[in-house]
Amino acid sequence: MIQICLNCLLLSALLLLISIGLNIIYGISRVVNLAHGSLYALGAYFGYSMVSYGVNFYAALLLAPLLAGLCGVVLERLIIEPIRHRDMTYTLILTYGLSVFIDGMFKFIWSDKVQFIQMPSSLRGTLNLFGVHYPNYRLFVLAATVCVILGLLALLEKTKLGMIMRAASTIPEMVSALGVNMKLVHMGVFGLGCVLAGIGGVIAGPLLSVYPMMGSEMLLSCFVVLVIGGLGSLRGAILASLLVGTAQTLGFVFLTDFAMVIVYLMMAVILLFMPKGLLAEGKFD
Amino acid sequence: MRKGLAVCISVLLVLTMMPLRPAVAADPIKIGVVVTLTGMAAQLGIDNRNGILLAAKHKGTILGRPIQIITEDDEGQSETGIRKAEKLVFKDKVVALSGVTVANVGQAIAGEADRLNVPFLTTNVMTPKFYGLHPLVFRCGQVADDQMTVAQVMGILKDPDLMKRSWYVLADDYAWGHSCAEEFIKLATEKGIKIKNPTYDNAALNLVDWSPFVSKIISAEVGGVYACLRSPVAPRFVQQAADFGLMEKVKIIGGTPSEAALEAAGESVVGLIGTCCWTWDIDTPKSKAFAEAYWKEFKEVPPSQGAQAYTGAFVLFNAIEKAGGTDPKKIAEALKGATFEGPYGEVRISPKDNCMRTPVKVVVAERAPKNPFGAKIIKKVVASLTPEEVGPAE
């Protein structure tokens, strides 16, 4: 039972790590970034290359997301910013095209092969938790997710930058009138979202493997989390990740053939009766 | 002067009457190769394509004509596969189709056999539906699902340690996974092998975290797992199982993960049991020659799928030669009963059902000894089965 609970938490943590960036970007900039999955994969590929060339895993965990964030900033400047004020359909189509392009690039640069990021030897093996042996690396993923989320909450709640971001998510015109460069805010937020996706990619690499379509496959689950938690709601995303991760894991244990059906049914019900998400904090324009 | 002019004109006339391309070689024999080069099955497709290209290089010519291999990517999609096959047959004028990585594409192309009207020999499709499917449709290179299952069950029967264990069955949730799992459960039960979950577990195709299944397997207290998972997915499951320490307690029998997938997963796959026709562990002159040639040509660990495609392609080339031309019916006739002594011994296409009979190896993934390919993992042969043992009976 302990193992199953930890499995629920692990999947929730992975979903949260990957979807949180998508959530922040939408929450503050109102951009539905369909290329987010590809940026998660980009982080994983950067991490894979670094570790393959002998870079320490922990250093790769720091550097690869920063590189993914940098790529995100460039993409935001070149592609998202010029069409920011147009209808959302434009960004949807454009970011979808971008994801197809990035996924294609993976094949050219890293080939179609399934790869694994080698986990550090210190995280191999299992830990005895109340009589249950649980892999060290999975416990590391849980701890790392908690650290990332706490760090993100501290940034948003305790810093001036966070205050600007929160204000920009609700009254961007006022923030702009106060002299804040909103273009810079949007760029920074997009970069931060991509850094978070990159962290998810590097952390998932040793566990789930690295391959070109990994981002596209994960994106669907991220949107389920976003819809259930409410678009743009950070607290909602945390709650939704826990719910989806638990439902999916328990589904596979007890109702194998219906596990995914349960998750999508849950999403449909919430979308029907709680369109702003579990905490009614979803932001719709 | 007039005489000189007449000679010049005569020479010019002779020259103009000569064929325009006297030095150009005869038209090539074109072979169309449809493989999956995009998505999860891409590595298998690349291995297949490379095996066929190597066979063409080694064969050199057919009936004095060079061989031209034209490759198309089916992206793992049936519709794309049919479109590419049509392009190869009607536009490129290939005389035969070969390759095909995944079952759905293979079945789709086979369904168009009358319209395409060229022999189609798959080197990788494993579905039993190919037995006697159409007079122009053949399988040679890869074993069928039923042959693989028989080999895996025999592998258990031949090892007393495996025989005394009870087995948990896990399958990819689609036609191939279901068919493998059901075949295995049926045959294993008949042979007295204990199956813990006769209704077996289906794993969603986009599953990334295997821990729920690992937990179920741990709590089921079984000694073995039979995992009918696609080649690129199996090492991911095994690696996650290894993280939980499962590999120390249970034996896992998988399909036949590609060498590239095993290399990527590394040491965590050590102990994984599988079946294949060929592995570079086979120590015969022809096997060694193939492995060295493959390495020299592609600088990759010689793969099972490459050897299988090499074998299938050679059988096809020889059949065209035997047919004495490119008439589809004559090539098909020559393929029936065709034999070939290749990297894994003699294979034969049964005239009864157009599908291959072959020796099969039961293999275990182990740490590789020092080798010229730089491989970390080797598929070590632990049992060899004859074509008669693997069947099906004719």
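User: What is Ala96(B) in contact with, leaving aside its neighbours within four places in sequence?
Analyst: Ala96(B) is in contact with Ile31(B), Val118(B), Pro119(B), Leu121(B), Leu316(B), Ile320(B) and Ile331(B). Two residues are in contact if their C-beta atoms, placed from the backbone, lie within 7 Å. This is a predicted model: local features need pLDDT of at least 70, side-chain atom pairs count only at pLDDT 80 or more, and totals for chains, interfaces and linings use all residues. Residues are numbered from 1 along each chain as its sequence is written, while chains are lettered from A and ligands numbered from 1 in the order in which they are written.

User: Which residues have the most contacts inside the largest nonpolar core?
Analyst: Ala96(B) is one of them, along with Leu17(A), Val169(B), Ala227(B) and Ile320(B). That core has 224 residues. A nonpolar core is a set of buried Ala, Val, Leu, Ile, Met, Phe, Trp, Tyr and Cys residues joined through C-beta atoms within 7 Å. Buried means 20 or more other C-beta atoms within 10 Å of a residue's own; exposed means 12 or fewer, and partly exposed is in between, with C-beta atoms placed from the backbone.

User: Which helix of chain A gives the most to this core?
Analyst: Helix 1 of chain A, residues 2–29, with 18 residues. Helices (H or I, at least four residues) and strands (E, at least two) are DSSP runs, numbered from the N terminus. From chain B, the core draws at least three residues from each of domain 1 and domain 2.

User: Where are those domains in chain B?
Analyst: Domain 1 is 29–142 + 285–357, and domain 2 is 146–276 + 361–390. The bounds come from an automatic or database domain assignment. Taken over C-alpha atoms, their centres are 27 Å apart.

User: How many residues does the contact take from each domain?
Analyst: 14 from domain 1 of chain B and 17 from domain 2 of chain B. On the domain 1 side, helix 2 and helix 14 (304–323) of chain B each give two or more residues. Helix 2 of chain B has the largest share, 3 residues. By class, that side has 9 nonpolar, 3 polar and 2 charged residues. Ala, Val, Leu, Ile, Met, Phe, Trp, Tyr, Cys and Pro count as nonpolar, Asp, Glu, Lys and Arg as charged, and the others, Gly among them, as polar.

User: Now the chains. How many residues does the contact take from chain A and chain B?
Analyst: 27 from chain B and 27 from chain A. Helix 9 of chain B gives the most to the chain B side, with 5 residues. That side has 11 nonpolar, 11 polar and 5 charged residues.

User: Switching to helix 8 of chain B. What does it reach from its first C-alpha to its last?
Analyst: Helix 8 (residues 175–190) reaches 23 Å over 16 residues, close to the 22 Å expected. The expected span is 1.5 Å times one less than the number of residues.

User: What do its buried residues pack against?
Analyst: Helix 4 (103–111), helix 6 (145–157), strand 7 (166–172), strand 8 (194–195) and strand 10 (224–228) of chain B. Among the buried residues of helix 8 are Trp176(B), Glu183(B) and Phe184(B). Just after helix 8, Gly192(B) takes a positive phi of about 85°.

User: How much of chain B counts as buried?
Analyst: 55% of its 394 residues. Chain B has 16 helices and 17 strands.

User: What pLDDT does chain A average?
Analyst: 88, and 99% of the residues score at least 70. pLDDT is the predictor's confidence in each residue, from 0 to 100. Among the elements of chain A, helix 7 (residues 172–177) has the lowest mean, 80, and helix 2 (residues 36–52) the highest, 95.
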